[in-house]
Amino acid sequence: MSLIDLLTGNTSNQVAVQAENKFGISKNQIIALLAVAAPLIISYLRNKSQDSKEAEALNNALDKDHNGSILDDASQVEARQAEGGSILSHIFGNDKQNVENQLSQNTGISIDKIGPVLAMLAPVIMGYIGKEKQQNNVGAGGLGDLLGGILGNASNQAQAQQSTPLNDILGSVLGGGGQAQSSGNPLNDILGSVLGGGQKQQQGGLGGILGSIFGK
């Protein structure tokens with residue numbers, strides 16, 4: 001299953017409905033947030049997995065807690081929100097506040113809700129990665145390539161398919177293809193060109209896409 005399949009499929013729709021009911025945020029905003037958060041989390045994990053200890057820890061976490069069952073049973077999402085918060089703290093580390101600020105500004109989801117919503121989404125994204133890992137029979141040593149492949153395939157698919165809001169978001173977020181690692185910092189690579197700096201938010205980039213779709 002590609003990343004776009006995850007975003008457009010039943011799982012993300014069910015998760016978005018749950019988050020909409022819980023936080024009073026529109027389903028479209030939740031799915032747009034997932035479309036940015038998924039590549040961002042995958043990019044951070046790809047960078048971390050270049051360190052063999054981090055790769056081993058991620059491999060163990062995926063084997064133990066993220067077998068992909070959440071993709072078939074979205075009712076797990078709310079119960080795993082606290083776990084999602086821990087996942088985000090580990091993945092983003094010192095960047096967590098900055099990531100949340102940037103995502104809040106560009107999706108229109110208030111800063112007090114962005115963290116809890118992301119915490120609901122994180123186990124879904126990890127479950128997706130875990131399922132891909134199982135299907136491709138990948139161990140700790142292959143995680144970096146697996147994660148890079150997920151991003152690269154999503155980028156290619158977004159650019160090849162007809163323009164849709166989600167494809168436009170992913171195309172923007174993944175810009176030069178998933179493999180590009182210009183700065184080594186995923187926050188700069190993904191958010192910097194699309195969300196950061198302010199100058200792109202108004203005319204184009206993710207801010208412009210979200211504004212045109214969701215009337216923000």
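Guide: The side chain of Ser49 comes to 2.8 Å from the backbone oxygen of Arg46. The model is a predicted one, and the distance is computed from it. Ser49 sits in the loop that runs between helix 3 and helix 4 (52–65). Buried or exposed, then, is Ser49? Its relative accessibility is 11%, and buried means under 20%, so Ser49 counts as buried. If neighbours within four places in sequence are set aside, the residues in contact with Ser49 are Ala55, Leu143, Gly144 and Leu147.

Helix 4, at one end of that loop, also takes part in the second largest pocket, where it supplies 5 residues, the largest share of the lining. This pocket holds about 180 Å³ of space. Its lining consists of 13 residues, and those nearest the centre are Ala57, Leu58, Ala61, His90 and Met126. Helix 3, helix 4 and helix 6 are the elements that each give two or more residues to this lining.

Helix 3 (27–48) is also part of what covers the buried residues of helix 2, along with helix 1 (3–8), helix 5 (76–79), helix 6 (81–92) and helix 8 (111–135). Helix 2 covers residues 10–23, 14 residues in total, and spans 20 Å from its first C-alpha to its last, close to the 20 Å expected at 1.5 Å a residue. Its buried residues are Thr11, Ser12, Val15, Ala16, Gln18, Ala19 and Phe23. These lie on the same side of helix 2, because they cover an arc of only 160° around the axis. After helix 2 comes Gly24, with a positive phi near 70°.

A positive phi is also found at Asn137, a residue other than glycine, where the value is near 50°. As background, most residues other than glycine have a negative phi. Asn137 is located in the loop between helix 8 and helix 9 (143–160).

Methods. Residues are numbered from 1 along each chain as its sequence is written. This is a predicted model: local features need pLDDT of at least 70, side-chain atom pairs count only at pLDDT 80 or more; totals for chains, interfaces and linings use all residues. Side-chain values use heavy atoms; hydrogens and water are left out. Helices (H or I, at least four residues) and strands (E, at least two) are DSSP runs, numbered from the N terminus. The expected span of a helix is 1.5 Å times one less than its number of residues. Buried means under 20% relative accessible area, exposed over 50%, partly exposed in between (1.4 Å probe, protein chains only). The arc is that of the directions from the helix axis to the C-beta atoms. Contact means heavy atoms within 4.5 Å. A polar contact is a pair of N or O atoms within 3.5 Å; within protein, one must be able to donate a hydrogen and the other to accept it, and residues adjacent in sequence count only if both atoms are side-chain atoms. On a 1 Å grid over the protein atoms alone, a cavity is a set of points where a 1.4 Å probe fits but cannot get out, and a pocket is an open set with protein on both sides within 12 Å along at least five of seven lines; lining residues have an atom within 4 Å of a point. Grid points are joined across faces, edges and corners, and a volume is the space filled by probe spheres set on the points.
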